[in-house]
Amino acid sequence: MRKNSDTFFYELETNLDRVLELSGRFTMNDYLRLYTNISVRLNIATEIEVETLGRSSAVRGKRYSGVSSIHVTAQRGCQLYHWLIDYVKDFLKDLQQKMLKLGGVSILRFYAEEWEKYIFAAKLVRGMFLSLQRQYLEGEKRCNNNYCFVQETLEQLWYLYLFKPGSSHIVRNVVFLVDKKRNGYAIEDNFVLMLANAFSRLKPENTREAYVPYRENLGVYLRFFEGPYVRAAVSYVRARTSHLCESENVREYISAVDRLIRTEEIYGQDFLLPESKVVLSCFLNKHFIDDKIQYIVDGLQQLFASGDKSDLQLTYKLLDRVSSLGHLQPLSRAFGEHVFDEIVRLSPAPTEVGKKGASSAETQAAYTSSFIDAILDTMDAQAQLLAECFASNEQFAASMNEAFRRAINSDDIVDRCKSIPLKHLAQYFHQVASTNQKAAKVADVSGVNIETVIKEKLERAIKMYGLGKHKDAFLKLYALHLARRLLLEQSVSLELERTLVLKIDKLSAMAMTVKLKNMLVDIETSQDMSRSFSQAVAADKSVSVSDVHIKVLKTTTWPSPIQSGSSNWATPPPQLAQICSMFANAYNARYNSEDRDRMKGKGIKRKLRWLWEYSKCSVQFFFPHSTGRVAKTGYTFILNTFQLAILMLFTESSGLGTGYSSRKGPVFTKAQICNATNIYPEVVDAELAIFVRARILVQLALSGAYQLNDKFNSKRLRIDISAIKKTRRAKEEAKVSENTARDRHEYLKADITRCMKAKRTMTYCDLFEAVGRKREDYFCVTRGEFKKALDVVIDAELISRATDATNRFICTL
């Protein structure tokens, strides 16, 4: 250190040497003495100094005040301030020479340790020179002179004479050490972070970097540490991914970028300040995701084709990092296209399902089940893919649902399954919700509640209804199947049917499910009525029927195909005729009297009409030559009323048949059966075919007549042959299709008229779109249906074509 002849500065220099070097020999007494000496030097002026300044003489040793004292303090303050600057410069130049000779971890350790000592010493120096700061520096700063306080001055000196000359050397060593860490070498991480903290505490500049505009007082750290570190990280990642872009291997690129970015962010947590982590991520995202977005988008089809969920997860995570830039939209669109293609690809064609030798009804039922299950399984698989790979993102969920909607209503699916998918869905509901003895046995063995299993299946399938169009066709067909289940008592439970109707109602437009609800109300009302009637029948000893269940249906509620047919059968079997007469009397006595009272005698009367096709009974039947247990218990046949009337002929002496004295019983021809029962011939043909197929009757080879099978034998004691005939089912379903087309036509005519009355004049395209929007919750309006309804409205002179344009219409109402 340089030597000074002045005693004050010599003592000051000696003590500052001990303070800056933190030798431990500097005590509190030394601190107080040095503080006092500096204060005394600034406050007491000698006579010689006053005379030098041209002031009046004064008594020696007396404190001077006024102008002379201020000028002396200013002169001494200026001298002391510049002496301190020169002293610290010399001290820092010596440290600089030592630092530049080091490298690697040694230079980081040296800088961090010396900085900690220096900043601590600066606080002590600031306290010792507090008088200088108060009596001189504050005044200079108020006068806008280029002066700083003591600690700020020391930091500026550190920056100018130690940090700035050696910053590039320090940063190169930081980057070199971090590169060693990236390559798997062990380094002392704590010194890098200590260096970052030291840079952040050095604040001689107030630089604002462009990419993070609100970070103040970090100028040195941003420029000399964060910036070089981030640039080095970007260069490192680019060097290891550039060849993947050239090879057009998106899967490897995404995997490499994800791994490298995550590794760099982990290193950033170890080596950077918390504020810099966002900056590092932003730069990495920009260079390797945002700048490469088109390359990634072009390879999305390759990712979905591979079917590797891990690749899709990585892609989503990468693009989610820049989701604010809208880069998730291409991935969500690609996901939607993938879902659409999967549904179309996995949907089976009718030729792909079915067993050899199976009937057409069995084949159709098997295909319906296979088709709906395939779509539902695909929907579940894609929903699982959404949860696993795309974190159930709402944007991706919307794309998936829209893809389901497009696929279910697409021409590809309609052409593949040869029908509207919602018609198959209605049949699927019927198959699942009907009683299935085989499924019930399996459920009992496994200990599972069959109703719970059915509910789970139906809840899966109801999603498809919510996404599909042509809801009107579905509801009409579903109403027909529901009516069959309720009338033939094939439903698992009324509670299940009620739950299913409520779920359908939530996904339907207003008033679309009113009839379904009323059908269930009719069944519940009929149960109460039937219960009281059964009690009356049981009390009547003249009736041979043991148990009676009658359902009364409202004409306006139930599907019209159910109400059509041979319901006006004039001669039911005597056993049923007696019951029908008793119920009709009881019903008329109860309801018609109530209606007469309510309508004040206006003569309104309810009429009952029997639906024999949907009536059935349970008969205990004994064959003449049965042996063993069957001889005592007999067989229980479940028959419809037509079958009951035919079978009764073979147990009674009607006089129309022949061979009553025969051991095998009487013989009847088809004509005799038709005359005896007054049943239509085509119905008799169908029922006799069922009896023969069930081996209850046999057809004689020579005469073609029918006779009881005296050798009948079956392992089942309860046999149900009352199912609706195929021809009857086909007619009813064809009737439903006709009704759907007719209703659509009426709806379209009404909608066209309403739209034209509201707008008065519309073009063809605008009118078509307006009508389509009105009916989008019910069905999809086709061009053919719309044109047919439009022609009818024009013929009715409700609207007319404009004379100046053929595609514009004018309302004439």
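Me: What should I know before I start?

Reply: The model is predicted, so local features need pLDDT of at least 70, side-chain atom pairs count only at pLDDT 80 or more, and totals for chains, interfaces and linings use all residues. Residues are numbered from 1 along each chain as its sequence is written, and side-chain values use heavy atoms, with hydrogens and water left out.

Me: What is the strand order in the sheet that holds S1, S2 and S6?

Reply: In general, strands of a sheet pair through backbone hydrogen bonds, either parallel or antiparallel. Here an open sheet of 3 strands runs S1-S2-S6, with mixed pairing. Strand S1 (616-621) and strand S6 (718-720) are at the edges with a single partner strand each, so one side of each has no neighbour in the sheet. From one strand to the next, the twist averages 20°. Strand S2 (residues 635-640) and S6 run parallel and are joined by 3 bridges; Ile638 has Asp720 in S6 as its bridge partner.

Me: How are strands, helices and pairs defined?

Reply: Helices (H or I, at least four residues) and strands (E, at least two) are DSSP runs numbered from the N terminus, and two strands pair if DSSP finds at least two bridges between them.

Me: Which helix lies across S1 and S2?

Reply: That is helix H28 (residues 641-649), running at about 125° to S2. Contact means heavy atoms within 4.5 Å. Axes are lines fitted to C-alpha atoms, for helices over the stretch in contact, and angles run from 0 to 180 degrees between N-to-C directions.

Me: At what angle do H15 and H16 pack?

Reply: Two packed helices are described by the angle between their axes and the distance between the axes. Helix H15 (residues 328-346) and helix H16 (residues 360-389) pack at about 155°, with axes 9 Å apart. H15 and H16 are therefore roughly antiparallel (angles under 35 degrees count as roughly parallel, over 145 as roughly antiparallel, 65 to 115 as roughly perpendicular and the rest as oblique). Among the residues that meet are Phe335 and Leu346 in H15, and Ala374 and Leu386 in H16.
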